[in-house]
Amino acid sequence: MNYSRVATRNIIALIVFCTVSLSADAGRWNTDAAPHSITWHISNGDVHNDHIEMSGRQMSAVLRYGVDEQRRWHVEKSMVWPLLRTIPNNTHASLMRRVNNDAAAGLMVNGRPMQETVEQITLNGTLEVVSTLATHRRDGRLQLRRIYLPSPAKPALIECYELVNLGHAVLSVEWPETRCHWQTPEKEGVTGVYDIDYCSGKAQTVVLEAGDTAVFQAVLSASRHGQPLPEADAWKELSARRMLIDEWTSNLVFTSPDSVLNTMQAFSKIRAMESIYQTKGGPMHGPGGESYYAAIWANDQAEYINPYFPFVGYDYGNQSALNSFLLFARYMNADYKPIPSSIIAEGDSYWNGAGDRGDAAMIAYGASRYALARGSADEARQLWPLIEWCLEYCRRQLNSQGVPQSDSDELEGRFPSGEANLCTASLYYDALLSATSLCHELKIKGKNYKQQARRLRVAIDRYFGHEVEGFNTYRYYDGNDILRAWICIPLCMGIWNRAEATADALFSPRLWTENGLLTQAGDRTFWDRSTLYALRGVIASGETERALPFLRHYSTTRLLGDHVPYAVEAWPEGGQRHLSAESALYGRIFTEGLFGIRPTGFRSFTLTPRLPNDWHDMSLSHIRAFGHDIDIRVNRTGNNRLHIIVTAEGKTIVEKAVEEGTSLAVNIGTIR
């Protein structure tokens, strides 16, 4: 199907107007004053169900929650304990159970069962539910607040309960004791029997005068049989969780005139940072989704999130990134056999069931970008043998036309990828560029990565550059004649000679839907990761005005729509799970897209800001990469010019007025 450019853009404009308007009207959630908080104010007949994942170092929980026709609360807690391994000890071998106990269900007020009406639900790194309880007294008004959160360090889901007497009558509240205990079959556990416990504490009666507050708690936890179950003070756990959230959201702060983008960028850091597990193999970031824990992947971890950790400055995240690369490094070999796609079971085993997915290109790309942004010469030296090995592996895979071959790509055969695909080639190209910068920093001589990158860029355009469905863009592999979402990948690597036509194709009705990009035109499947790459790449290439309405629509849908507040994995596969690394890809739309940051050294980067036409200014504050605390502010000064200020540790490094689209070289050096 061949669309003219004018017709295509007219259709796109209509789609964007309709979808963004519908999304804004249909959203049941509202942003709050806090930078990482949204609230659903519930009215009669507002029946809805959703699910959200939250994680700590020893557990994760998917909470399936909602409100029924009578505005009653219900929640099912799908628990995952990644360090309690089950048999067979494979990728999915975390202890998992679904529990629907509600500690407040037996609550009595003045000797009568609780009658609850949910008033509002708030997501802010915890799940908070505020309800009104019938007191059967004309002047009685009792409020119940539930707060669900993962323990930051213990294998426990924490439930905080707060009762507040908002009326004038004296109320008697009877809190029930709830205790459930389960033991798993010995034959199903790697270390035998596991104990699972749900406890709300002892029964008690509390008399509440007007204005009084009473607090209670419940804890859902697990442990190896014979070991004590974790003791937890719910309110101290809540304080610790909030401190973590404050740490994540106080760094890499995006500020713009668009409150939805500001809020979703803040939320994305919560989901990206929280999903790290303290395994016996060291800290391991895991995608989640009730499937992927205590394991790492060459795409989710090495490619998607590890290059992002230094920008947020979360030390445990940086530890997990370094650890993941060193785990992959154990599989380097003199024969250059493929490196595994995934290391599983706390580091004890691996998975390579899809063959070579281009994993060496993913790892070389992620490790080299991470090493530069991290700004640590010591870590870079540890990672260099892995980067060098992966680059050599890719070089050995070059076909006669000069592009690397692989068995599949990160979609593992779900869609065809040919003998050589655009994604693997683009990642390899970018890795060569970053490795060139690393060689300079580490004073490594004799490498010709820069020349290899030049040759590969020409080969990419010659081999993949093609007219597909009337668009002068890329074919994903030789013989591909249907538009694919991953034609966006060169744009993220600075290959922009086909940027305009590629943006036309990506945002055409053949690929764009209300849920972002279809994986392949004519199909119904979408994976958020390709949408997030596309938005980043189109903005980075300078097609900012083309991309911004789609970014706004996507963000509004994911933050304030029916399934909130994070980027998702895919549909129909996985049921739109909140996999963690996708949130890092959302964050990189801002660092690498709108601000165009590309690491070039341990203390240097290039900066190409793309300020939207209807914004006067935007900023990124407390960027923790390159060994410093960096702020970037961009203001419009008129006549297509931008005023850019870069500070590090409060000292001005760059202050310059430039034409839009200009790239600045920023060298921080040593700040004292």
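Tyr477 is buried, because its relative accessible area is 14% and buried denotes under 20% relative accessible area, exposed over 50%, and partly exposed in between (1.4 Å probe, protein chains only). The model is a predicted one, in which local features need pLDDT of at least 70 and side-chain atom pairs count only at pLDDT 80 or more, while totals for chains, interfaces and linings use all residues. Residues are numbered from 1 along each chain as its sequence is written, and side-chain values use heavy atoms, with hydrogens and water left out.

**Surroundings of Tyr477**

Tyr477 is placed in the loop between β25 (471-474) and α11 (489-492). Helices (H or I, at least four residues) and strands (E, at least two) are DSSP runs, numbered from the N terminus. When neighbours within four places in sequence are left aside, Tyr477 is in contact with Pro416, Ser417, Gly418, Ala420, Phe464 and Arg484; contact means heavy atoms within 4.5 Å. Gly446 lies 31 residues from Tyr477 along the chain, and the C-alpha atoms of the two are separated by 33 Å.

**The chain as a whole**

The protein contains 15 helices and 36 strands. Its radius of gyration is 26 Å, close to the 26 Å that the globule rule gives for 672 residues, so the protein is as compact as a globular protein of that length. That radius is taken over C-alpha atoms, and the globule rule is 2.2 Å times the number of residues to the power 0.38. Along the principal axes, the C-alpha trace spans about 80 × 60 × 60 Å.

Of the 672 residues, 62% count as buried. Among contacts between residues at least 6 apart in sequence, 64% join residues at least 24 apart. The protein exposes about 24400 Å², of which carbon and sulfur atoms supply 47%; accessible areas come from the Shrake-Rupley method with a 1.4 Å probe, and for residues only the protein chains shown count as cover.

The mean positions of the 67 positive and 75 negative charges are 5 Å apart. Lys and Arg count as positive and Asp and Glu as negative, whereas His and the chain ends are not counted. The place of a charge is NZ of Lys, CZ of Arg, CG of Asp or CD of Glu.

Two strands pair if DSSP finds at least two bridges between them. Strand β32 (residues 617-623) runs antiparallel to β33 (residues 630-638), and five bridges join them. Within this pair, Ile623 stands opposite Ile630. Strand β33 is in turn joined to β34 by eight bridges, again in antiparallel fashion, with Asp631 opposite Thr647. Eight bridges also connect β34 (residues 641-648) with β35 (residues 651-659), which run antiparallel; here Leu642 has Val658 as its bridge partner.

| Hairpin | Residues between the strands | Residue and phi |
|---|---|---|
| β32 and β33 | six residues | Phe626, near 60 degrees |
| β33 and β34 | two residues | Asn639, about 55 degrees |
| β34 and β35 | two residues | Glu649, near 55 degrees |

Asn639 has its positive phi although it is not a glycine. At 76% relative accessibility, Asn639 counts as exposed.

**Other backbone features**

Glu346 also is not a glycine, yet its phi is positive, at about 60 degrees. Glu346 lies in the loop between β22 and β23 (349-351) and counts as buried, at 8% relative accessibility.

One runs from Ile87 to Pro88, with omega near 0 degrees, and Pro88 is found in the loop between β5 (73-85) and β6 (94-99). Another joins Val564 and Pro565, with omega about 0 degrees; Pro565 lies in the loop between α14 (544-560) and β29 (570-571).

**Surroundings of Lys337**

Lys337 is found in the loop between α6 (315-329) and β22 (342-344). With 53% relative accessibility, Lys337 counts as exposed. Residues up to four places away in sequence not being counted, Lys337 touches Trp389 and Tyr393. The C-alpha atoms of Lys337 and Tyr393 are separated by 8.2 Å, although the two residues are 56 apart along the chain.
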